[in-house]
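Let's take a walk through this model together, with an eye on its aromatic side chains. Have the sequence and the structure open as you read.

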Amino acid sequence: MDSFFQVIEERRSVKVYDPTVEIPREELLHLLETTGKAPSAWNLQHWNFLVFDSKEVQKRLLPIAFNQQQVLDASAVIAVLGDLEANRNVDPVFDPAVAKGEMTQEIKDVLKGQIDGAYTRPGYARDAAFSNASLAAMQLMLTAKAKGWDTCPIGGFDPGALAKEFNVSQRYIPIMLITVGKPLQEARKSDRLEPMNLIQWAE
């Protein structure tokens, strides 16, 4: 458990990367498999990942990210996409549990009814895509740090241009970019607001 708190304390948003360092696809796959263990509403796993791990595709991404040099110099960039149709995951998520006897068909049907009801509410699909994909994004950054890689979340990019340039399905909405690599310059330690100023006790 000590190592977990060390990862939390040491994670910083690195913006200056060594452009000569490559990250193997096997390593990226392991990072993303671990990321996929993040929690999500009804376990629908409202995320998808678009991976940029060559300088050629990173150059195409660079203007979409307003020419932030870290996008080109990082070993890889992960676009975290939110699933606007995660309700379509009901069968692949729940059917294996039903087949193994870990869930009854009746319980699956109840959960499906809840999910179908939620996805009829205006704005729910988008809100769920953002909140749940963001859980995966944080898990990715912590996983990367635990494996010796630094990251930086980027909200400054053009989601529409990204979707058009890289043929992202309308099912997915770009949430953020995350750079992954080895630092040439250590990240500045950021100050934090006083926790007690951010906490309210419900009465």
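Trp-201 counts as exposed because its relative accessibility is 67%, and exposed here means over 50%. In this predicted model, you will find Trp-201 in the segment after strand S6 (183-185).

A pair of aromatic rings is described by the distance of the centres and the angle of the planes. With centres required to lie within 6.5 Å, the count comes to three aromatic pairs. One of them joins Phe-4 and Phe-5, edge-to-face, with 5.3 Å from centre to centre and 80° between the planes. How exposed is each partner? Phe-4 has a relative accessibility of 43%, so it counts as partly exposed, while Phe-5 has a relative accessible area of 52% and is therefore exposed.

Another edge-to-face pair is formed by Phe-52 and Phe-166, whose centres are 4.8 Å apart and whose planes make an angle of 80°. Phe-52 belongs to strand S2 (residues 47-52) and Phe-166 to the loop between helix H8 (159-165) and strand S5 (172-181), so this pair ties together parts that are 114 residues apart in sequence. Both Phe-52 and Phe-166 are buried.

Finally, have a look at a ring with a charge for a neighbour. The charged end of Lys-182 sits over the ring of Trp-149, at 4.4 Å from the ring centre.

Terms used
Residues are numbered from 1 along each chain as its sequence is written. This is a predicted model: local features need pLDDT of at least 70, side-chain atom pairs count only at pLDDT 80 or more; totals for chains, interfaces and linings use all residues. Side-chain values use heavy atoms; hydrogens and water are left out. Helices (H or I, at least four residues) and strands (E, at least two) are DSSP runs, numbered from the N terminus. Buried means under 20% relative accessible area, exposed over 50%, partly exposed in between (1.4 Å probe, protein chains only). Rings of Phe, Tyr and Trp (its six-membered ring) pair if their centres lie within 6.5 Å; planes under 30 degrees apart count as stacked, over 60 as edge-to-face and the rest as tilted. A charge sits over a ring if NZ of Lys or CZ of Arg is within 6 Å of the ring centre and within 35 degrees of the ring normal.
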